[in-house]
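Welcome! Here is a short tour of the pockets in this protein model.

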Amino acid sequence: MTALLLRRLAGPRCSSGRRWLSVILRETHDQTSQGSIARDRARLLAGAGRLLTVYSRSHSRRQQHTEAADPVEVDLKRLEGEDDGTVEVLMCRHKVKNALGHVFVSQMSELVSALSRDSAVRVVVFKSLVPGVFCAGADLKERALMNNTESDLFVHGLRSLMNQIAALPMPTIAAVDGVALGGGLELALACDLRTAAYSAQMGLIETTRGLLPGAGGSQRLPRMVGMTLAKELIFTGKRVGGQAALEMGLVNRAVDQNQTGDAAYREALSLAREILPQAPVAVRMAKEAMNRGVEVDISSAMAIERMCYARVIPTRDRQEGMAAFIEKRPPRYTGE
């Protein structure tokens, strides 16, 4: 079955299928088939304040000379100065409004994986470089070329990506300065916090396309706004603006859009600056305690809190926090 699927994906219907399929199968239990699949390898060119670009390497030397590298659709930027510790994930698939195609998903997965291992990162902001758009959702043109099996595998990979984002150990903020529909809103829902412009439009519109939210939206939205309201939004495919999203608890902050079209991003940066001065290990452990505790009964949640608290006690940051309080000075946390 795996060999047949690979032949289909290698054909003209989806010429880059091997690349995104490798990302999908990483999250499945079929470990035995992975040895025969060509994996992309990414290099993150580190350095404060400069873009970190993903470059694709083909599996064979022959492909290396004949196959062009994928265009950059997702990038990273490390901020400096007062924003040191903040990293921006930049979505830049301009022609199709950041639609979630296989290259976009593959590159995003690689970058998120790298971020998860970077202890220097304190806050991650997801931002679009496409004016008026956060993420328009699924790439329906690509999806139309897939058969049922291929489509199911791709959506599984998309769901795995959202889980990757949700599992990042540091706080994440989605800056919604424009349209966030379907999978685009699911990406924002996978973040811890959301800021939005009043002019933004958000909605899980999958039922209007004969589908249902398949990248975590049907589960994360009810946990965020309540079951009754989530059912109304999903059943109707309704779109809401920034003010309505704020009132229902879908976003944390909403602001008037500015002339440069990045008001939600500016608000996200302001929110990040409120997080940055706090003890990094404590913030990460607080996130873990809340994320894990909300899914279990209260007794089990208390045990999770105790475990997370125990991991903070021996840190230098805890000692620094106590010393700063006694000495009546701002703490200088190092994340240790």
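α12 contributes the most to the lining of the largest pocket, with five residues. Helices (H or I, at least four residues) and strands (E, at least two) are DSSP runs, numbered from the N terminus. The model is predicted, so local features need pLDDT of at least 70 and side-chain atom pairs count only at pLDDT 80 or more, while totals for chains, interfaces and linings use all residues. Residues are numbered from 1 along each chain as its sequence is written, and side-chain values use heavy atoms, with hydrogens and water left out.

A pocket is an open set of points on a 1 Å grid over the protein atoms alone, where a 1.4 Å probe fits, with protein on both sides within 12 Å along at least five of seven lines; lining residues have an atom within 4 Å of a point. Its volume is the space filled by probe spheres set on the points, which are joined across faces, edges and corners.

| Pocket | Volume |
|---|---|
| Largest pocket | about 790 Å³ |
| Second largest pocket | about 630 Å³ |

Among the 24 residues lining the largest pocket, Leu189, Cys191, Asp192, Asn291 and Val294 are the closest to its centre. Two or more lining residues come from each of α6 (148-166), α7 (183-190), β8 (193-197), α8 (217-225) and α12 (280-293).

For the second largest pocket, 31 residues form the lining, and Gly137, Ala138, Asp139, Leu140 and Arg143 are the closest to the centre. Here α6 gives the most, with five residues.
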